[in-house]
Amino acid sequence: MTWTVTPERFDSPDAALLRRDYYDEVASRYWERPATPEEIDEGLTDDGAELLVPPTGEFVVGRFGGRAAACAGLVVKGDGIAELTRVFVRPQARGTGGGGLLLAAVESRARALGIRQVRLDTRNDLVEARGLYAKHGYLEVPAFHHRQYAEHWFAKELGATV
């Protein structure tokens, strides 16, 4: 099976389900119990997803074997900086290269928007995510904000498109 990664509206049916699955996983891990549907709804309310559209950002959906299996978002912050957000690969598709393809797609879009640096934050318990970012050239950096849940900060300088 192969991957395709393309821009898609954050509120398309596939993207909305991926965002819901993302939030379910990160909330369940944090609380160390399954998140309830009400908690997931609350977490998705006013979550800033409306910024994941041009010119303020982008959202991409990865399909593995034609099925929606992954997503990632980019939010333009200004001064050549953007933040990577909502990076998620469904468990059954992990280990197949989708995470790296998501990052490459978002970085390509960032370059097209004139972004020089992509940065992100993550938590201690999201070990797989930290490994993915490090594998793809993101370096751990000092905190660039003090939002709740952020415990690790990463950044990657983007070179010119090769």
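Trainee: What makes up the lining of the largest pocket, by class?

Mentor: There are 21 nonpolar, 14 polar and 15 charged residues. Nonpolar here covers Ala, Val, Leu, Ile, Met, Phe, Trp, Tyr, Cys and Pro, charged covers Asp, Glu, Lys and Arg, and polar takes the others, Gly among them. Keep in mind that the model is predicted: local features need pLDDT of at least 70, side-chain atom pairs count only at pLDDT 80 or more, while totals for chains, interfaces and linings use all residues. Residues are numbered from 1 along each chain as its sequence is written, and side-chain values use heavy atoms, without hydrogens and water.

Trainee: Which element gives the largest share of that lining?

Mentor: That is α1, with nine residues.

Trainee: Why is Y149 called partly exposed?

Mentor: Its relative accessible area is 38%. Buried means under 20%, exposed over 50%, and partly exposed in between (1.4 Å probe, protein chains only), so Y149 at 38% is partly exposed. Y149 lies in the loop between β6 (139–141) and β7 (152–157).

Trainee: And why does D47 get the label partly exposed?

Mentor: D47 has a relative accessible area of 23%, so by those limits D47 is partly exposed too. D47 sits in the loop between α2 and β2 (57–64).

Trainee: How far apart are the C-alpha atoms of D47 and T96?

Mentor: They are separated by 29 Å, with the two residues 49 apart along the chain.

Note on methods:
Helix = DSSP H or I, 4+ residues; strand = E, 2+ residues; numbered from the N terminus.
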